[in-house]
Amino acid sequence: MSAPLPWQVVLPVKHAGTAKTRLVPPAGVSRRELARAMARDTLVTVCRAQPADQVVVVTSDTVAVDLATGLGARVLPDPGQGLDAAVRVGLAACRPHLPVAVLLGDLPALLPADLVTALAACARHTRAVVPDHSGAGTVLLTGTDGDVEPAFGVGSAARHARAATRLDLDLPRLRQDVDDAADLQRAVALGVGRATAAVLRAGRLGCTEAGASP
């Protein structure tokens, strides 16, 4: 059996003050704190699935900066010019010609095994894209040669699939990103990480904890 590829993972994390504007949180829950909790759970999971020093976090959120630094990830400032620009900053910091993966930071139900399985599937293709649960957005974009071109936003899966192999993997925890209240309910049904679960307990949304945040 061949050894896993040495993936470099780029994780953009938007400042919590401007993140998840479409998400109406449960009563008593701060959208800012919920966004930070989901990013925390995602980042902790990634650093358990991959060596932390191979994770590049692009953010201007001071809480995310402190967390990522404490976990041993590399941290770069978000230029504030949108998601694609943030991803490009992270990609530019990666070692050239080695495998890269771009993962979004709003996957609170993700488990380390999900990411390991997904990256193993992506490793079979020079470039690959894993769509979100709706099939329209993107949660994971990879390039085994270190070359990917981000085109995130509405309908990004189709744009990415023009230059990458589309993989509709049976990994619901990976593919369940959270943009609105319905997404959050689906993530909760799957089981969210500790940070997200703790924030939700402050409100009225009961949840099952099944994540990796300390």
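This is a predicted model: local features need pLDDT of at least 70, side-chain atom pairs count only at pLDDT 80 or more; totals for chains, interfaces and linings use all residues.

Residues are numbered from 1 along each chain as its sequence is written, and side-chain values use heavy atoms, with hydrogens and water left out.

Helix 1 (residues 31-49) and helix 4 (residues 112-122) have axes that come within 8 Å and cross at roughly 60°. Helices here are DSSP runs (H or I, at least four residues), as are strands (E, at least two), numbered from the N terminus. Axes are lines fitted to C-alpha atoms, for helices over the stretch in contact, with angles from 0 to 180 degrees between N-to-C directions. Helix 1 and helix 4 are therefore oblique to each other, a class left over once angles under 35 degrees (roughly parallel), over 145 (roughly antiparallel) and 65 to 115 (roughly perpendicular) are set aside. Thr 45, Val 46, Arg 48 and Ala 49 of helix 1 make the contact with Pro 112, Leu 115 and Val 116 of helix 4, where contact means heavy atoms within 4.5 Å.

In helix 4, Asp 114, Leu 115, Ala 118, Leu 119, Ala 121 and Cys 122 are buried, that is, under 20% relative accessible area with a 1.4 Å probe and protein chains only. Because they cover an arc of only 155° around the axis, they lie on the same side of helix 4; the arc is that of the directions from the helix axis to the C-beta atoms. These buried residues pack against helix 1, strand 4 (100-103), strand 5 (127-131), strand 6 (138-143) and helix 6 (172-175).

Helix 6 contains Arg 175. Arg 175 counts as buried because its relative accessibility is 12%.

Definitions and conventions
Buried means under 20% relative accessible area, exposed over 50%, partly exposed in between (1.4 Å probe, protein chains only).
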